[in-house]
Amino acid sequence: MSNLFEFIKEEVPVFSQSRDSIWLDPHIAQQMLMAHLDIKGDGATRNLAFVEASLQWLKKKFPVKQFTKVLDLGCGPGIYSQRLAEAGYLVTGIDFSANSIAYAQKQAAEKNLLINYQVGNYLQTNFSKEKYQLVLLIYCDFGVLAPESRKKLLKQVYESLADGGQFIFDVFTSEKYQNFVPTKTWSIEEDNFWTVESCLHLEANRSYLEGQSYLAQHYLLYPDYYKEFFIWESIFNENQINEALSEAGFSQIEVYSDVRGEKLKQHSETMCFVAKK
């Protein structure tokens, strides 16, 4: 276990994957679900006021009669999927977290909503067998992916869209990390987001690719074992996303400040793209 302290001295390869996953860890996955359901915070899903404004814009810009079939990638516990289904859309939601999908399915059953929820990694799911008018990827999930995974995803999203269908997603800009400082810290954790049992938490925050990608690296050290979590995030400018979308075949690309349809601002921390097939 002493080898774990090497992470403080050496960087892991860019976009390498950790041994463990926050979405599959029994304790942390439940904490992530609670973060999704926190209507005041922005931890896993944005706050309720933002979500409601976002849905108002989506329903106005993409009326249900024209964009009936919707695919919600990384749907979590159904925050968007449920509300879209209530508005008459036919929704499919895919998420890696069994906890989130179980919650979403229970909510849908209680409200008599026919939503096709699926547990799975959307990078490994052939969702292009169906044709959708609208595909969503909300809360900057695109930037979590490695470059080759982004290309794969854009290709499959394009193939899954019906002619005239549109893809909506958001990304972080350089504003998110303008004050970034690399850090290496340790703390004792107990009965909180990370763990129930007492453990030593080692954390490093690093930048890669000349400040284009960032890693939050976590180790939880217990007496007889440890857990390892890597959380990657990348930032983009408008040209980078436009080029990636064009390469995948998309046209008529629109850009906004966020998923509420706000006009793009110079110092916006996010950008929202709407790309048409």
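A search of the whole structure finds zero disulfides, a disulfide being a pair of cysteine sulfur atoms within 2.5 Å. The model is a predicted one, in which local features need pLDDT of at least 70 and side-chain atom pairs count only at pLDDT 80 or more, while totals for chains, interfaces and linings use all residues. Residues are numbered from 1 along each chain as its sequence is written, and side-chain values use heavy atoms, with hydrogens and water left out.

For Cys 75, the closest cysteine sulfur is that of Cys 140, 17 Å away and too far for a bond. Cys 75 counts as buried, at 6% relative accessibility (buried means under 20% relative accessible area, exposed over 50%, partly exposed in between; 1.4 Å probe, protein chains only). The sulfur of Cys 140 has its closest cysteine sulfur in Cys 272, at 9.4 Å, again too far for a bond. Cys 140 is also buried, at 2% relative accessibility.

Helix 6 spans residues 238-248, and its residues Ile 241, Leu 245 and Ala 248 are buried. Seen down the helix axis, the buried residues fall within an arc of 60 degrees, so they line one face of helix 6 (the arc is that of the directions from the helix axis to the C-beta atoms). Helices are DSSP runs of H or I, at least four residues, and strands are runs of E, at least two, numbered from the N terminus.

On the other side of helix 6, Asn 239, Glu 243 and Glu 247 are exposed. Helix 6 is followed by Gly 249, whose phi is positive, near 110 degrees.
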